[in-house]
Amino acid sequence: MADQGDGQKQAAILIADVAGYSALAEAREAETIAAVRDLGSRIIAPAAREHEGRVVKTVGDGFLLEFPSAVPAVKAAMAISSKAAAFRNGPRGLSLRLRMGIHAGLVFPAGEDLLGNCVNIAARLQSLAAPGEICISGTVHEQVRGRVGAAFDDLGLQQVRNIAEPVRIYRITGNSLPALEPEGPSPEASVAVLPFSSASPASEHTEAMAQTLTEDITIGLSRFRALRVVSRNAAQRFAASGAGAPVVAAELGVRYLAEGSVRQLPGRLRITVTLSDGTSGLSLWSGRYDRDLSNDFAQQDVLAAQITQTLATQLQSISRQKSAAQAAKRGTLTARELVMQAKSVILDSRGRLKKCRALYQQACDADFGNATAYSGLALTYLVEWMSGWAMSAELTLDKAFPLLRHAARIDPLDSVAQRRLAVMHLCKGNFALAEDHFQRALMLNPNDTDAMAFRGLSLIYQGRPEKALAELDQATAQNPFHPTYFHWFRGLALYMCRAYDPAVSEVSKAIELFPGFPAPHRHLAACYAQLGNRPAAARECGRILDLEPKFSVARISKTLPFARAQDLEHYCDGLRQAGLPE
């Protein structure tokens, strides 16, 4: 820790706290306090001393540690994380999950404390880490890269509160992901993006695009919190490797491999991408993209985003299916397995909604620090509101809000929680707050096409259906395997534009796939009524009343958050003309 004069010195600062401490202390105060003290004395302090550091201070559930440089700080953090994971199964039976942040720079001793931007940035990094994670700054990453046995996910530049310049953040993923189990790989969606090849004859242009696509897709996939992505540096070892897929997957500790090539053809480039199973080597999905031969960076960005979204959709879908199949074979399920099983339930009926909610509730009860479980539980209330199944629309949204707030606090970097907070505010008609959370979601994950689609829905309710169509078209183009609701959002936008015929076509696509969800039937009934097709409108009315026996136009009009009275009247007029009860 070199002195710099005037009491300042160079140091690496590690700040850690216990995720979910307040809730644990509220339920079991004495045991929680004792467990945190044990954690500090048995694991944190010894690890600091072993790596030339010291515990500067402890405040409640928080610890501030100082090290002479970044390397021992990161090594200590990894040791603490590993030992703390085992400590969770201690005699007190408490689930103590640490969040850690590390930054290196100038610090200013002040009695028994340390001050300065270095400490502030470490504290902000710690608050951005999810339970069990270690986040480090770009400064630390530069100092430890290649000098510690760890892989890193690049989370990009993030604006840190009270710090003028954005900070590049990396998440430590360990030396490798968990080894494959003897009975078969875990269903977890872990993936490595192998370096794209520049097919022969290679050119400077194709090589540059191959490198750009590899980097952008790796970073893009890492923004999806449901995926575990090996860093580009770790995957780089297998560039042009002759090793088979099982060997590469085992070396990197992943279940899936994504690879591709860039080839120059007369007047155009051809990009191919393949997603394969790392155990069997079987291809799970492949795609081909032809692009004009140009140096258009915007075109490259669009292509990388489309490939990223497609890979993410495929990975999450495959993972849900495998998890549900494996969970069905076992008795007691972990919180993670409960979440994956809940994700596999299609919410197109009250019965399935209740089943999904019960699974998410069990996951929340099993792990207070599982952000995905709380966000998923909140989703069931949002779907209940959007479907019209809620007994009290206002009460349903009020149940979703604290769950989403808790999820966002556990994992501030999760775009899904931010997107669902946006939807919750949208349902309440708070468009400014909704837009703020939409922007946060898209900042955290620019490839979150679900956020784009719901932003389109927000624009419809604000009375801007033409702009909504543009937003929905962009989301659809970027995500060819988009969810069904993209169709009925687009159908509603077309209805509000008085384009009833194309609206019928869009909404019918959604109903054909999932006929049990009520909202698209309402849109379709209104479209048929405006077109004067009474028999078709009456048929849809019958289906709506089968799905929602207590449906009334007055009830739905109280919940739809149209900003303009004429837009609400236009929608309700279609429902009345269709023959639905007032």
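Tutor: Here is a walk through the charged side chains, with some of their surroundings along the way.

Keep in mind that this is a predicted model. For a bit of background, the protein has 582 residues, and 56% of them count as buried. Its secondary structure comes to 23 helices and 15 strands. If you take contacts between residues at least 6 apart in sequence, 63% of them join residues at least 24 apart. Keep that in mind when we get to the pairs.

So, how many salt bridges does a search of the whole structure find? The count is 23. Let's start with the one between Glu66 and Lys9, where the closest N and O atoms are 2.9 Å apart. Glu66 belongs to strand β4 and Lys9 to strand β2 (residues 8–18), so this pair ties together parts that are 57 residues apart in sequence. Are the two partners buried or exposed? Both Glu66 and Lys9 are buried.

Arg357 and Glu384 make another salt bridge, with 3.4 Å between the closest N and O atoms. Here the partners come from two helices: Arg357 is in α11 (residues 350–366) and Glu384 is in α12 (residues 371–387), so to speak a link between distant parts of the chain, 27 residues apart. Arg357 is buried, and Glu384 is buried too.

Now for a pair in another setting. The side chains of Arg576 and Glu582 meet in a salt bridge, at 2.7 Å from N to O. Arg576 has a relative accessible area of 33%, so it is partly exposed. Glu582 comes out at 52%, which makes Glu582 exposed, since the cut-off for that word is over 50%.

Salt bridges can also share partners: Asp473, Arg490, Glu506 and Lys509 are joined into one network that way. Ala470 itself is in helix α17 (residues 465–478). With a relative accessible area of 45%, Ala470 is partly exposed.

What about a charged residue with no salt bridge? Take Asp61, in the loop between β3 (54–59) and β4 (62–67). Asp61 is buried, yet it has no salt bridge. Which side chain of opposite charge is nearest to Asp61, and how far away is it? That is Arg99, at 6.6 Å. Leaving out residues up to four places away in sequence, Asp61 touches Ala16, Asp17, Val18, Tyr21 and Val36.

Glu52 has a phi near 65 degrees, a positive value in a residue other than glycine. You'll find Glu52 in the loop between α2 (29–50) and β3. Its relative accessibility is 57%, so Glu52 counts as exposed. Arg498 likewise has a positive phi, near 65 degrees, and is not a glycine. Arg498 sits in the loop between α18 and α19 (500–513). With a relative accessible area of 47%, Arg498 is partly exposed.

The largest cavity has a volume of about 140 Å³. Its lining is made of 15 residues, and those nearest its centre are Trp385, Met386, Tyr461, Trp488 and Leu560. At least two lining residues come from each of α12, α14 (415–427), α16 (449–461), α18 (485–496) and α20 (518–530). Which helix gives the largest share of this lining? That is α20, with 3 residues.

Let's finish with a helix you can check by its length. Helix α4 (residues 117–128) has 12 residues, and at 1.5 Å a residue it should span 16 Å; its end C-alpha atoms are 16 Å apart, so the two agree. The buried residues of α4 are Cys118, Val119, Ile121, Ala122, Leu125, Gln126, Ser127 and Leu128.

Note on methods
Residues numbered from 1 in each chain as written. Predicted model: local features only at pLDDT ≥ 70, side-chain atom pairs only at ≥ 80, totals over all residues. Heavy atoms only, no water. Helix = DSSP H or I, 4+ residues; strand = E, 2+ residues; numbered from the N terminus. Buried < 20%, exposed > 50% of the residue type's maximum accessible area, 1.4 Å probe, protein only. Lys, Arg positive; Asp, Glu negative; His and termini not counted. Salt bridge = Lys/Arg side-chain N within 4 Å of Asp/Glu carboxyl O. Contact = heavy atoms within 4.5 Å. Expected span 1.5 Å × (residues − 1). 1 Å grid on protein atoms, 1.4 Å probe; cavity = no way out; pocket = protein on both sides within 12 Å on 5 of 7 lines; lining within 4 Å. Points joined across faces, edges and corners; volume = space filled by probe spheres on them.
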